[in-house]
Amino acid sequence: MQYTTEFKILNDYFWAEMAAGLVIGKWLRRVESFELADKLLAHTQEEFEHAQFWKQRILELGMEPIQVHHIEGKPNYFIYLNSIKTIEEFLCAVHAYEKRIPWHLNLEKTMDFWSPGNDVIMTEMIRQELPHIGWVKEYLTSHYTPSFIEQTFFKASLIENQTYLEMMKWYINSDDKNLQKLGSQALLKAGTFSLSF
Ligand SMILES: [Fe+2]
Ligand SMILES: [Fe+2]
């Protein structure tokens, strides 16, 4: 079956939210601090709510989600995320990923392959993602030294950036003209994304 670009992207959003909920949720059983566990619980819950949201959007378009596992683009970030042993490294890696979301969604929503009304939905989703950047940044800043954060975050941010760029190159080399355009735009604008904390 030939899937539309819109479906492929919404389907990826759905699974990305599910993956985020699962990976963040795992840390609920590893942290001692209730304050932190409570924040992780809220974050996990919101990622699953976002998954429900994208699922609904896919159903509205008359489709249903299909299981996909991307191995293209050498997913170094995800390998790194799953290899992390401490909560502070994990939070730095989450922050590196969450920071990318508004930047990428803002670019993606300007593409012309969307059904009417998608612009409003994506603007709302960007708004809902912003607190995920906020609480992690605030927590790290109030519990760890600036030099530790800088070093650990920088490592995660470089891996995330490399993974993202590889993914966009894979878009460019795909047989989907819309993804080719999206990948080219992303690479053209890549320099405007801040790698700082
Ligand atoms: Fe989300
Ligand atoms: Fe998020």
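Predicted model: local features only at pLDDT ≥ 70, side-chain atom pairs only at ≥ 80, totals over all residues.
The pLDDT is the predictor's confidence in each residue, on a scale from 0 to 100.

**Confidence.** Over the chain, the mean pLDDT is 95, and 97% of the residues reach 70 or more. Select helix α3, residues 76-83: confidence is lowest here, at a mean of 91. Then select α7, where confidence is highest, at 98.

**Helices α4 and α6.** Select residues 87-108 for α4 and residues 146-172 for α6. The two helices pack with their axes 8 Å apart, at an angle of about 45°. That angle makes α4 oblique to α6. The crossing in which α4 passes α6 is right-handed.

Next, show the side chains at this contact. On α4, select Glu-88, Glu-89, Cys-92, Ala-93, His-95, Ala-96, Tyr-97 and Arg-100. On α6, the partners are Ile-149, Thr-152, Phe-153, Ala-156, Ser-157, Glu-160 and Tyr-164.

For the contact itself, select Leu-165, Met-168, Lys-169, Tyr-171 and Ile-172 in α6. These meet Leu-179, Gln-180, Leu-182, Gly-183, Ser-184, Ala-186 and Leu-187 in α7. The residues of the contact of α6 with α7 divide into 8 nonpolar, 3 polar and 1 charged.

Notes
Residues numbered from 1 in each chain as written. Chains lettered and ligands numbered in written order. Axes fitted to C-alpha atoms, helices over the stretch in contact; angles between N-to-C directions. Helix = DSSP H or I, 4+ residues; strand = E, 2+ residues; numbered from the N terminus. Parallel < 35°, antiparallel > 145°, perpendicular 65-115°, else oblique. Left-handed = near helix turned anticlockwise from the far one by under 90°. Contact = placed C-beta atoms within 7 Å. Nonpolar A, V, L, I, M, F, W, Y, C, P; charged D, E, K, R; others polar.
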